[in-house]
Amino acid sequence: MNHPLSDLTAYLNGALDPERRAEVERHLEGCAPCRTERERLAWASSAIDALPAPPPPSPQFEARFYARLAAIEQPAPRGWLASIRWRYLAPLGAAAAFTAVFVVLWASHGRRQAEMAAQLELLENYELVASVGSVDGPEDVAVVAHLDELREGRP
Amino acid sequence: MAPDPDAALMVAFQGGDASAFRTLFEKYAPAMVSFCHRFVRDHARAEELAQDVFLKLHAAARRYEPSARFKTYLYRIAANHCLNEVRRGKHQPVREQPHPDAPGAADPDAHAGSLPTPEEVSQGAALGRAVEVFLERLPANQRAALVLCRFEGLSYEEIAAVLDTSVSAVKSLIHRATVAATAALAPFSPAEGKQALR
């Protein structure tokens, strides 16, 4: 005989389907140990049910809840630094920094190009004067350095 | 599924009707405080937990879908919150003082010993205390299932939805909890108490 012990609590709680409930009832009619177990489970359940209900919510319960809700919905004012929307500002800042670096590098490159052009021009002057074999002293070097000005007819 | 007026209120709240949320709050606040109290047995903490449940409900409104009964949805939030509270061990249950008019409240020894005296048994206060201690010691999932069944009146199907488990698992949880109650409360049973207390 299979005792339906594991179904007895569900039987008492009205949680068995009609077919299973009928089977358990038929078994209980002929099984004294199962009837005893059913009574023990029924008594324990009624003892639990008899536990006094907890006190109702206090009069301040609702007001406290809505105060907590308001605190969540309206957070405290933030400082100016915290109020900056970094999510939008960060990419702009990065772009500005990139542009600044690019401008500095470009200007530096232009300056180096101009210096190199001046050096080349000076070298050409030296080559020109050296080709006629007339660079002998410091005075000649000064003339070579200012050969362009002389070419353009400046004093 | 029959029309659920509470689910309709929740949908109305989704649409911006703040009074719908207030109606739900007023309707379910006592049940939520009572449910949370069964887990922590400290009324102030139970009220905080119940408020947490409504704050979660408020925050989850945008994601709410009326696919199940609102009551089941709310108890699922509450059960998860209370089970987390118990599992984290954040709360140590306190022995609340009974109401001055409650039976046995004037007895200074009523809360002192581990086993009640026969006089307490006759008053019934000790049985209530034993039930509270029994519930406190139950595994958390058995306690949740038993509380939802015995105190909140949910069906096995509703409890399964709340605890996100099967009906057969709920049947097993409640049966094991009830069998444990027969053992824990045996000293108070009319059939066995005489022997146990002798």
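**Exercise 1. In what order do the elements of chain B run from the N terminus on?**

Solution. The model is predicted. Start with the element counts.
- Chain B has 10 helices and 0 strands.
- Read from the N terminus, its elements run α-α-α-α-α-α-α-α-α-α.
- Next, take burial. Of the 198 residues in chain B, 48% are buried.
- Then take contact range. Among contacts in chain B with a separation of 6 or more, 60% join residues 24 or more positions apart.

**Exercise 2. Find where confidence is lowest and where it is highest in chain B.**

Solution. Begin with the chain average, then go to the elements.
- Chain B has a mean pLDDT of 84. In chain B, 78% of the residues reach 70 or more.
- Confidence is highest in α9(B), at 97. It is lowest in helix α10 (residues 193-197) of chain B, where the mean is 44.
- Now look for runs with pLDDT under 50. Residues 97-113 of chain B form one of them, and the model has 15 contacts beyond four places in sequence for this stretch.
- Residues 193-198 of chain B also stay under 50. For these residues the model has 7 contacts beyond four places in sequence.
- For the complex, the predictor gives an ipTM of 0.78 and a pTM of 0.68.

**Exercise 3. Describe the interface between chain A and chain B by contacts and buried area.**

Solution. Count residues, then area, then the main contributors.
- The contact involves 33 residues of chain A and 42 residues of chain B.
- The area buried between the two chains is about 3,300 Å². Carbon and sulfur atoms give 66% of that area.
- On the chain A side, Trp43(A), Ile48(A) and Phe61(A) lose the most area to chain B. Together they account for 21% of what that side buries.

**Exercise 4. Which element gives the most residues to the side of chain A that touches chain B?**

- One pair is Arg68(A) with Asp52(B). The closest N and O atoms of this salt bridge are 2.5 Å apart.
- On the side of chain A that touches chain B, the elements giving two or more residues are α1 (8-12), α3 (32-49) and α4 (61-73) of chain A.
- The most comes from α4(A), with 9 residues.
- By class, the residues on this side of chain A divide into 21 nonpolar, 5 polar and 7 charged.

**Exercise 5. Is Arg41(B) buried or exposed, and is Asp164(B) buried or exposed?**

Solution. Treat each residue in turn: backbone angle, place, accessibility.
- Arg41(B) has phi near 50 degrees, a positive value in a residue other than glycine.
- Arg41(B) lies in the loop between α2 (18-40) and α3 (43-59) of chain B.
- The cut-off for buried is under 20% relative accessible area. Arg41(B) has 9% relative accessibility, so Arg41(B) counts as buried.
- Asp164(B) has phi near 55 degrees, again a positive value in a residue other than glycine.
- Asp164(B) sits in the loop between α8 (156-163) and α9 (167-184) of chain B.
- The cut-off for exposed is over 50%. Asp164(B) has a relative accessible area of 62%, so Asp164(B) is exposed.

Notes
Residues are numbered from 1 along each chain as its sequence is written. Chains are lettered from A and ligands numbered from 1 in the order in which they are written. This is a predicted model: local features need pLDDT of at least 70, side-chain atom pairs count only at pLDDT 80 or more; totals for chains, interfaces and linings use all residues. Side-chain values use heavy atoms; hydrogens and water are left out. Contact means heavy atoms within 4.5 Å. Buried area is the accessible area (1.4 Å probe) that two parts lose on being put together, summed over both. A salt bridge is a side-chain nitrogen of Lys or Arg within 4 Å of a carboxyl oxygen of Asp or Glu. Helices (H or I, at least four residues) and strands (E, at least two) are DSSP runs, numbered from the N terminus. Ala, Val, Leu, Ile, Met, Phe, Trp, Tyr, Cys and Pro count as nonpolar, Asp, Glu, Lys and Arg as charged, and the others, Gly among them, as polar. Buried means under 20% relative accessible area, exposed over 50%, partly exposed in between (1.4 Å probe, protein chains only). pLDDT is the predictor's confidence in each residue, from 0 to 100.
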